[in-house]
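Please open the model in your viewer and keep the selection panel at hand. The tour begins with the chain as a whole and then moves to particular places.

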Amino acid sequence: MRRFGNAALLGNAAMKSEARKLAMLVMGCLAASSALAAYPERPIRMIVPSAAGGQPDTNSRLVAAELGKQIGQQIVVDNRPGASSSIGFEAIAKAQPDGYTIGYGGFPLATNRSLLARVPYDVNKDFRMVILTNISTNVIAISPAMPVTSVSELIVYARSRPDQLMFGSAGSGSTMHLSMELFKLMTDTRMVHVPYKGMPQVITEIVGGRLQLMSDNVTSVLPHVKAGRLRALGVTGARRIPLAPDIPTVAEAGVPGYEIVAWGGYMGPAGMPVAVVARLNAELNKVLASPAIREKWLALGIEPVGGTPERFTEHVRKETAKWSDVIKRAGIKGDY
């Protein structure tokens with residue numbers, strides 16, 4: 001009997017211990033729920049890994065203003081340029097994962113690991129993706145002095161002149177550069193890459209006859225096309241764009257399967273609570289649907305995207321695999 005009594009006492013103690021654990025869990029859930037209901041209680045820092053005035057900065061300031069109105073808190077843009085966005089990415093990765101620091105993640109998320117000798121973060125482990133916000137296309141354009149009027153004619157012309165045509169970009173590993181490297185790989189052509197500090201210099205060099213072609217974002221290229229300084233051959237995305245519906249895609253103009261777009265979205269450090277990520281995702285989807293964002297972005301050739309955190313995670317994974325292969329095959333090294 002004594003043996004059974006001891007067993008009963010042990011059973012009661014175990015039940016009390018489990019009850020205490022359950023009570024603590026419930027209290028923790030209630031506290032987390034209360035914290036989420038109050039989130040955000042103070043301003044949110046938005047790290048932008050590029051200099052003020054560039055497209056990522058301009059996009060982010062528009063988003064920050066609209067998001068701040070929705071949630072009733074200030075969104076403070078913090079520019080951290082340098083090292084192909086790695087300085088900003090590292091700052092995002094090392095921030096407290098409490099939802100009060102988020103950051104802009106763009107094309108270098110998919111390319112830096114293949115381009116740079118050292119990357120101070122792991123894209124797969126150090127970030128929690130929140131939302132893919134935007135994509136934009138480039139335009140492949142040439143000097144009007146060239147006897148070429150289409151993508152198919154460019155391919156024939158370039159093949160007959162290996163290493164004689166030169167294209168400019170704003171730096172190794174940029175979308176301006178990689179769009180042409182992908183074109184070379186898919187068309188079996190050989191052209192020479194000449195990096196510059198900025199695309200305005202590239203356009204000046206083409207107009208002056210020292211370069212023959214380039215790829216740049218649509219809003220940069222179209223004014224020069226209309227003025228007759230450049231000739232547009234194809235847009236690099238999967239679809240024609242409303243700003244220039246008469247320009248075919250490179251894929252439909254002679255290179256099936258060709259596609260490259262610039263893109264961006266928002267992420268935070270790994271460890272951000274799932275509920276906070278869900279709240280930010282929902283609010284940012286509302287921002288992208290607002291006329292204040294859609295009308296301004298579409299006028300600049302930028303397409304709002306949106307969707308789930310998982311969509312952004314999968315997008316980064318696919319882009320990383322694609323461009324790692326292109327960078328390796330083309331033997332490209334970054335500038336840092």
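With the whole protein chain selected and its surface shown, the accessible surface of this predicted model comes to about 16,100 Å², of which 57% belongs to carbon and sulfur atoms. Of the 336 residues in the chain, 48% count as buried, and a cartoon view shows twelve helices and ten strands. Among contacts between residues at least 6 apart in sequence, 76% join residues that are at least 24 apart.

Next, select F107 and W263, whose ring centres lie 6.3 Å apart with the planes at 65 degrees, so that the pair, being over 60 degrees, is edge-to-face. F107 sits in the loop between β3 (101-106) and α4 (108-115), while W263 belongs to strand β9 (residues 261-269), so the pair ties together parts that are 156 residues apart in sequence. Are these two residues buried or exposed? F107 counts as buried at 6% relative accessibility, and W263 is buried as well, with a relative accessible area of 3%.

Now turn to helix α2 (residues 55-71) and helix α10 (residues 274-289), whose axes come within 10 Å and cross at roughly 115 degrees; the crossing of α2 past α10 is right-handed. To see the contact itself, show the side chains of V63, E66, L67, Q70 and I71 on α2 together with R279, E283, L284, K286 and V287 on α10. By class, this contact has five nonpolar, one polar and four charged residues.

Notes:
Residues are numbered from 1 along each chain as its sequence is written. This is a predicted model: local features need pLDDT of at least 70, side-chain atom pairs count only at pLDDT 80 or more; totals for chains, interfaces and linings use all residues. Side-chain values use heavy atoms; hydrogens and water are left out. Axes are lines fitted to C-alpha atoms, for helices over the stretch in contact, and angles run from 0 to 180 degrees between N-to-C directions. Helices (H or I, at least four residues) and strands (E, at least two) are DSSP runs, numbered from the N terminus. A crossing is left-handed if the near helix is turned anticlockwise from the far one by less than a right angle, and right-handed if clockwise. Contact means heavy atoms within 4.5 Å. Ala, Val, Leu, Ile, Met, Phe, Trp, Tyr, Cys and Pro count as nonpolar, Asp, Glu, Lys and Arg as charged, and the others, Gly among them, as polar. Buried means under 20% relative accessible area, exposed over 50%, partly exposed in between (1.4 Å probe, protein chains only). Accessible areas come from the Shrake-Rupley method with a 1.4 Å probe; for residues, only the protein chains shown count as cover. Rings of Phe, Tyr and Trp (its six-membered ring) pair if their centres lie within 6.5 Å; planes under 30 degrees apart count as stacked, over 60 as edge-to-face and the rest as tilted.
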